[in-house]
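Please open the model in your viewer and keep the selection tool at hand. The stops below say what to select and what is there.

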Amino acid sequence: MLHYSCRHALTALHESPGLLDGSPVSKDLLAIIDWITGERATDVIGVTGSFLVGVAGPRSDIDLVCYGPRGYEAAEALFAERSLIRPYEGESLTRLYLRRAKYMAGSSFDMLLRQEARKLQGLTAGAGSHINCEPLRADGDRTFHDVVAQEVGQISVLARITDHRQGLATPALYGIEVQTVIASTIDEAEVFARRITHLRSYLGAYTGAFREGDSVHLSGRLVHTQGHGGTRGFAIELTPWSAAESYLANLAR
């Protein structure tokens with residue numbers, strides 16, 4: 001098995017820019033890597049996607065990852081640097097909506113863009129290519145250490161976010177309070193609903209997307225979690241490890 005290191009890739013591209021094809025998006029990436037290196041953040045930010053595995057072309061996106069709280073802070077500063085990255089705004093918002101809508105069925109234009117505005121993404125200053133950064137947990141993070149989840153069934157609910165502090169990195173963990181059960185494969189779902197306290201998402205699309213007080217439509221697996229820490233009990237889990245179901249989390253009005 002071949003292991004690709006995102007942080008090693010960033011350093012390698014900085015030291016050997018000739019590995020890139022010289023296209024406008026490649027030049028944008030090199031300028032961004034220079035900024036990251038100058039900020040001494042190469043240990044908490046990496047390059048992933050097509051540039052990681054060496055298959056990028058002139059129309060490629062730029063995909064970054066950042067690690068832990070320090071990585072998140074560095075990435076926030078990077079995406080605020082307007083000489084390198086500009087935000088989606090004006091006519092480009094439609095481009096972002098079309099990009100995301102196919103993964104977030106059922107979300108309105110306004111609500112989807114409100115959700116997306118909270119993420120680390122934008123357009124590169126030169127080529128106008130899409131760039132995003134997915135925050136990951138720090139190497140030593142033990143939030144999910146020794147936590148075991150047993151699936152109970154499928155459930156769709158309207159819930160209120162009660163705590164988003166652990167939702168800023170993948171896997172994301174949000175505190176929730178279920179308000180309404182919309183559909184379920186289990187009996188007496190309303191009884192379970194009162195005991196559901198968390199949303200756990202392995203899907204990067206929902207990392208950093210919600211804030212305390214938000215109402216969210218959730219559709220995922222109802223799981224019973226056991227282990228150490230404060231995540232014991234019942235949770236709704238969004239996972240890519242099923243081809244049979246579509247797991248969604250959308251802001252509600």
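Select Asp61 first. In this predicted model, Asp61 counts as partly exposed because its relative accessibility is 24%, which falls between the cut-offs of 20% for buried and 50% for exposed.

The model holds 13 salt bridges by the rule used here. For another of them, select Asp141 and Arg137. Their closest N and O atoms are 3.3 Å apart. Is Arg137 buried or exposed? Arg137 is buried, because its relative accessible area is 12%. Asp141, at 33% relative accessibility, is partly exposed.

Now select Arg221 and Glu151. These side chains meet in a salt bridge with an N to O distance of 3.2 Å. With a relative accessible area of 18%, Arg221 is buried, whereas Glu151 is partly exposed at 35%. Salt bridges with shared partners join Glu151, Arg200, Arg221 and Glu237 into one network.

**Two packed helices**

Clear the selection and pick residues 24-38, which are helix α2, together with residues 68-79, which are helix α4. Two packed helices are described by the angle between their axes and by the distance between those axes. For α2 and α4 the angle is about 130° and the axes are 11 Å apart. Turn the view to see the handedness: α2 passes α4 in a right-handed crossing.

**A nonpolar patch**

Show the surface and select Leu2, Tyr4, Val53 and Val55. Together, Leu2, Tyr4, Val53 and Val55 make a nonpolar surface patch of about 400 Å². Look at Val53, which is in helix α3 (residues 50-53). Val53 counts as partly exposed, because its relative accessibility is 38%.

**Two distances along the chain**

Hide the surface and select Leu19, in the loop between α1 and α2. Leu19 is exposed, because its relative accessibility is 60%. Leu19 and Phe51 are 32 residues apart in sequence, and their C-alpha atoms are 9.8 Å apart in space.

Next, select Glu15, in helix α1 (residues 6-15). Glu15 also counts as exposed, because its relative accessibility is 60%. How many Å separate the C-alpha atoms of Glu15 and Arg100? The separation is 34 Å, for two residues 85 apart along the chain.

**Backbone details**

The last stops concern the backbone, so switch to a view that shows its atoms. Most residues other than glycine have a negative phi, and most peptide bonds are trans.

Select Thr170 and Pro171. The peptide bond from Thr170 to Pro171 is cis, with omega near -5°. Pro171 lies in the loop between β6 and β7 (172-184).

Go to Asp146, in the loop between β5 (130-136) and β6. Asp146 is not a glycine, yet its phi is positive, near 65°. A relative accessible area of 47% makes Asp146 partly exposed.

Finish at Glu188, which is placed in the loop between β7 and α7 (189-193). Glu188 is exposed, because its relative accessible area is 59%, over the 50% cut-off.

Conventions
Residues are numbered from 1 along each chain as its sequence is written. This is a predicted model: local features need pLDDT of at least 70, side-chain atom pairs count only at pLDDT 80 or more; totals for chains, interfaces and linings use all residues. Side-chain values use heavy atoms; hydrogens and water are left out. Patches are made of residues with over 30% relative accessible area and no salt bridge: like charges are joined within 9 Å, nonpolar side chains (Val, Leu, Ile, Met, Phe, Trp, Tyr) within 5 Å. Accessible areas come from the Shrake-Rupley method with a 1.4 Å probe; for residues, only the protein chains shown count as cover. A salt bridge is a side-chain nitrogen of Lys or Arg within 4 Å of a carboxyl oxygen of Asp or Glu. Helices (H or I, at least four residues) and strands (E, at least two) are DSSP runs, numbered from the N terminus. Buried means under 20% relative accessible area, exposed over 50%, partly exposed in between (1.4 Å probe, protein chains only). Axes are lines fitted to C-alpha atoms, for helices over the stretch in contact, and angles run from 0 to 180 degrees between N-to-C directions. A crossing is left-handed if the near helix is turned anticlockwise from the far one by less than a right angle, and right-handed if clockwise.
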